[in-house]
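Dear colleague,

I am handing over the structure to you with this message, and I would ask you to open it and keep it in view while you read. My notes follow below it.

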Amino acid sequence: MNFDFRQKPIELKTAVIAVIFGIVIGGILMLVSKHDPFKIYAVLFNGAFGDKFALASSLRWTIPLLFTGVASAIAFRGGMFNIGVEGQMYLGALAGALTGIYLTGLSSWVHIPLIILASALAGMAWAFVPALLKVRYNASEVVTTLMLNYVAIYLTDYLVKYYFIAKGSYGQTIITDQIQKSARMPSLIHATQLHAGLLIGILFVVLFYFLIKKSKLGYEISISGINPEFARYGGVSVNRVRMSVMLISGAVAGVGGAVEVMGITWRFMSHFSPNFGFDGILASLLGGNTPIGVLLGALFMGSLKAGALTVERSTDVSRSLATIIQGVIICFVSARYLMARFPVSKWLDGFKRNNRRRNSDEPH
Amino acid sequence: MAAAVEMRNITKKFPGVTANQNVNFRAEWGQIHGLIGENGAGKTTLMKILYGMEQPDEGEIFIDGTPAVLSSPKEAIKRNIGMVHQHFTLVPSLTVAENITMAKPTLRNGLIDLKKAAEIVFEMGERFGLKLDPYVPVKQLPVGLQQRVEILKALYLGADILIMDEPTAVLTPQEITQLFVTLKSLKEQGKTIILITHKLKELMNATDVITVMRSGQIVGHMETRNSSEEEIARMMVGKDVQLRIDKKMPAFGKEVLTLKGITHYDKRGVKILDGITFSVREGEIVGIAGVQGNGQTELIEVIAGLKEFQGGELILNGRSVSNSTSPMQRRHMGLGHVAEDRQTMGAALDASILENFMMGGHHGQWYRRGMFLRYKRAEEIAWEQIRHFDVRTSDIRLPARSLSGGNLQKLIIAREMFLNPLVLIAAQPTRGVDIGASQFIHRKLIEMRDEGKAVLLISNELSEIMSLSDRVLVIYNGSIVGETTPEKSTEEEIGLWMAGIRSASRRTL
């Protein structure tokens, strides 16, 4: 497998081409299933940007991706392919929910920071396991983090089902009680799901910027990610850097889970995340693992999600459309060989050169 | 008679550089043709075009008078062109015969016939004077013989025109002499050899005709016997060059780096360093000569803290250093390190020039403020040093990949010297660096020594060791087998040590 992209940032050009390919191939699939792609894409666009409610929905779906995007980006920058963001998010969500339920009589100004702290610690603890396996035994973090996702999802299910199940719930429902009022995120726009978690998400992007661009640790993270041998040679403890990025990454992912609980669900729910973790990875890759890139990537993915939900509501095209578009994008972003096969910019250059040659031949 | 190779008006552009500009290159049959130029002069690109590895943007190629379209090495081989690369393309675990016949296996009933392969190798060895045991695995051969396998491989595929890219880089002086004898006998059989090199001396010794390239163009073409080293050096660089290095009388101080019986085993438990003992004093350059792969890399990495030692004692600036002393601590104790391989260890090519410059220094107080780094300040310092070391770049925010080999090496040396070490390990400080830059680097190393710093110089270039060192140690098979000074010994004598011959004869005496 080629994980080259964790070390080399993706160029903007590559990201844009990948997105265009995704949209075109999505359109072809719609044609095949006898839908008018222009009409469907119009619905999708309206659902994402059409009015105040559409915009609010896009931003609502952007929030968790800001956290998972930042979490992925930090790890990738340090050369750790943490695909366990999803699992770390579940642990964070449960820890946050429990803190939100069982701590009472606090003001929001105290309660919410405590929840953030608890969820960060939980996410961090979950990321500590693969980080330790990596630095101690050189176990591939790709495998361990991926596997631990399943463990996290079912472990939280188990804990809720046997210890924290909501009063009066029955059957297969695995949910906790609701969190205290003081633990809930205020809404940003009335009658929409857009909540103040957006501000926290943006704050994390800003913190990510300062970490990577200004701090000594950030410098060591970047260099270790690009060339660990060089970092070691320069006196950087690469293992310490790897441990740090995993812990920070896990913490950010954990907070993302708690913010989802505080802003949307108000309780821990089994399988609450529609793959926020993996969407965050994609947002990060699309954005070249840079702070501004993650922000844009998360906005794109969030809008796509909001649009796809509208498409599903108002047409008979499934929301899987968004998944297909994402899938194609992933292929094009990760498969650099494929991009080398479609060197669009080179074709353009060649075209120009041929024209020039033809023009210069004419006088003869 | 038609020329063996004629390349007309070859132009090849890469993004940002013109590697070849209207190059007209001609090589006759039955000659050894030297192609010389500084790094980045375009000689390797030109030869890659001839071997079909690169396609020219413009121009035509004629082989033996007929036009050739060389779209791949396969096509080039069809036109009887062979190339021996600087880095060998052999499979170490396979035998000599298997390696040589790999591209065109000898078959019997559709199965590979190794006996026939061995016969062919034997017969070719007789014919070309390149004798080899066909049944020995390549990994058991010394580098000089591995190169012989490469040459036979090209000849087996029918090469009449043989391109050799820097063939002497990994050889001992004796092996180099042997190689030139071989090339001469190939020439006498009517073959054409194109020798890419940047070493003047061997060019003068081995070639019939010389073509000099500078910044993508051919600037000179002459018969070897009608030219001189000075003349060619001037053509390569475009100005007069001083080939000799002036040094002040040494003033040695106290020992700042001492190794006592350092032993190192690799992961498989093979002894790589065997009781290495030596010291380097203030104001002294100690050169370690040796054929590549005799433990130099491990020695450097043990001193720098990148590999552990299993026995012996390492003392840096009067303090004992253990395996748990991290590379950072060693740097704080006054160790600097110009890495042997600048692309994989000495730099991060995808990081910016600035970030590359900051490495190591970022631990200290120059541009660190607590948890943060002051990039503005770092940038000022970097520019200052970059100007001082004449690193040519327009923007230090570009990736280090954008620098040429010589400029990258100057950047690395600038960084390590800025950190003001007491002891500098300078490993292959001028490998693949052009004359201008390598002279500059040599001057800087001498300056350091004159300021009373210690330099441990490790180089595969014996002439570099001889011209810079105050004391020369020879490493062979993980041990120091000889110690001398450049005044006391000749390159030939040291060459014998490097080949392990003198220590062997000592044992028999």
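What follows is a short account of what was found, taken topic by topic.

Please keep in mind throughout that this is a predicted model.

Let me begin with the sheet in chain B, which is an open sheet of 6 strands in the order β6-β9-β10-β3-β11-β12, with mixed pairing. Which strands stand at its edges? They are β6 (81–84) and β12 (217–223) of chain B, and because each has a single partner strand, one side of each is left without a neighbour in the sheet. On average, neighbouring strands of this sheet are turned by 20° against each other, if direction is ignored.

Helix α5 (residues 143–156) of chain B lies across β6 and β9 of chain B, and it runs at about 165° to β6(B). Helix α8 (residues 229–237) of chain B, for its part, lies across β3 (32–37), β11 (209–214) and β12 of chain B, and its direction is at about 30° to β11(B).

How many of the residues of helix α9 (residues 296–304) of chain B are buried? The count is 9 of its 9 residues, so that the helix is described as mostly covered, given that a residue is called buried if 20 or more other C-beta atoms lie within 10 Å of its own. Among the buried residues of α9(B) are B:Q296, B:E298 and B:E301, as well as B:L299 and B:I300. After α9(B) comes B:G305, which has a positive phi near 90°.

Finally, there are two residues in chain A whose backbone deserves a careful look. A:K34 has a positive phi of about 60° although it is not a glycine, and its place is in the loop between α1 (12–32) and α2 (37–49) of chain A. A:K34 counts as exposed because it has 6 C-beta neighbours inside 10 Å. A:A191, also a residue other than glycine, has a positive phi near 65°, and it is found in the loop between α6 (141–164) and α7 (197–214) of chain A. Is A:A191 buried or exposed? With 9 other C-beta atoms within 10 Å, A:A191 is exposed.

With best wishes

Note on methods. Residues are numbered from 1 along each chain as its sequence is written. Chains are lettered from A and ligands numbered from 1 in the order in which they are written. This is a predicted model: local features need pLDDT of at least 70, side-chain atom pairs count only at pLDDT 80 or more; totals for chains, interfaces and linings use all residues. Helices (H or I, at least four residues) and strands (E, at least two) are DSSP runs, numbered from the N terminus. A residue is buried if 20 or more other C-beta atoms lie within 10 Å of its own, exposed if 12 or fewer, and partly exposed in between; C-beta atoms are placed from the backbone. Two strands pair if DSSP finds at least two bridges between them. Axes are lines fitted to C-alpha atoms, for helices over the stretch in contact, and angles run from 0 to 180 degrees between N-to-C directions. Two residues are in contact if their C-beta atoms, placed from the backbone, lie within 7 Å.
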